[in-house]
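Subject: Structure handover

Hello,

Here is the structure for your files. My notes follow below it.

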Amino acid sequence: MTPAAPLVLLGLVDAAFSGFRAYAGSDARIRKQRPNTRAALRGLAVGSALLLVPALVGTLVLLTAHDRRDTYATLTAGGIGYLIPLTVYATAVLLSLGAYFALPFRAGTLAMVIGLGPLTLLRPLAVAAACLGAILNGGGPPALLIGLTAGAAVLSVEPLVHRRWYDRTRHRTGWVCAASGERHR
C-alpha cells in the first residue's frame, strides 16, 4: 500500500484548517460562514501549491535513483513511518472537534480550548515526530528529505495566508505623507 494518498489528504485538510486559523479572530462579526469558507479555501489553495514541492522532490528522487524499485520501496516505508504519527495527531484533532460539536456549548468550548489550542501548538512537534517515524521505519535520507519539505510546506500555510490576506499591521507601517511633499517613516 502506498501512503501517498492519505498523506496528500492529510496535507490538504491541514492546509484548509490553516487558512481558517489564519482568519480566525480577525473579524468580530457573528455570522462569518462565508469569510470562514473563503479563508479555508485560501489555505487549501496555498497548501496545494506548497505541497507540489515535496511531490517534485519525491519525483526527482525516484527519477535519479539507480534502482527505482528499491527506492520506491524505501520511500513507501518512510511514508508509512511518516503517516503513523500524523494519524495519531489527526485522530486527536478529530476527537476534539467531535467533542466541540457534540457536547453542550460550555463543554464544547472547553473541549476546544483544552484540545485544539494545545494541539495547534504541537503541530511542529507532530511534523518532527513524523520525520523521525520516516527514518525509524526505514525510509532513510530520501524519505527524510521529502518529509522535511512536506513538513515545511504544511507549517508555512498559516503564516503565508495570514500575511497575504489578514495581517492588518502591514497597512499601518511604511511611508505616510505628513505634509505635502514630505515623507516620514
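Start with Ser96, which lies in helix 4 (residues 68-102). Helices here are DSSP runs of H or I, at least four residues, numbered from the N terminus. The model is predicted: local features need pLDDT of at least 70, side-chain atom pairs count only at pLDDT 80 or more, and totals for chains, interfaces and linings use all residues. Residues are numbered from 1 along each chain as its sequence is written, and side-chain values use heavy atoms, with hydrogens and water left out.

Ser96 is buried, at 7% relative accessible area (buried means under 20%, with a 1.4 Å probe and protein chains only). Its side chain reaches the backbone oxygen of Ala111 at 3.2 Å. Leaving aside residues up to four places away in sequence, Ser96 touches Ala111, Met112, Gly115 and Leu116. Contact means heavy atoms within 4.5 Å.

Next, helix 7 (residues 140-166) and helix 3 (residues 52-64). They pack at about 165 degrees, axes 8 Å apart. Axes are lines fitted to C-alpha atoms over the stretch in contact, and angles run from 0 to 180 degrees between N-to-C directions. That makes helix 3 roughly antiparallel to helix 7 (over 145 degrees). Pro54, Val57, Gly58 and Val61 of helix 3 meet Pro142, Leu145, Ile146, Thr149 and Ala150 of helix 7.

Helix 1 (residues 4-23) also packs on helix 7: the axes come within 8 Å and cross at roughly 35 degrees. Among the contact residues are Asp14 and Arg21 of helix 1, and Glu158 and His162 of helix 7.

Best wishes

Note on methods
Helix = DSSP H or I, 4+ residues; strand = E, 2+ residues; numbered from the N terminus. Parallel < 35°, antiparallel > 145°, perpendicular 65-115°, else oblique. Buried < 20%, exposed > 50% of the residue type's maximum accessible area, 1.4 Å probe, protein only. Polar contact = N/O pair within 3.5 Å; in protein donor to acceptor, adjacent residues only side chain to side chain.
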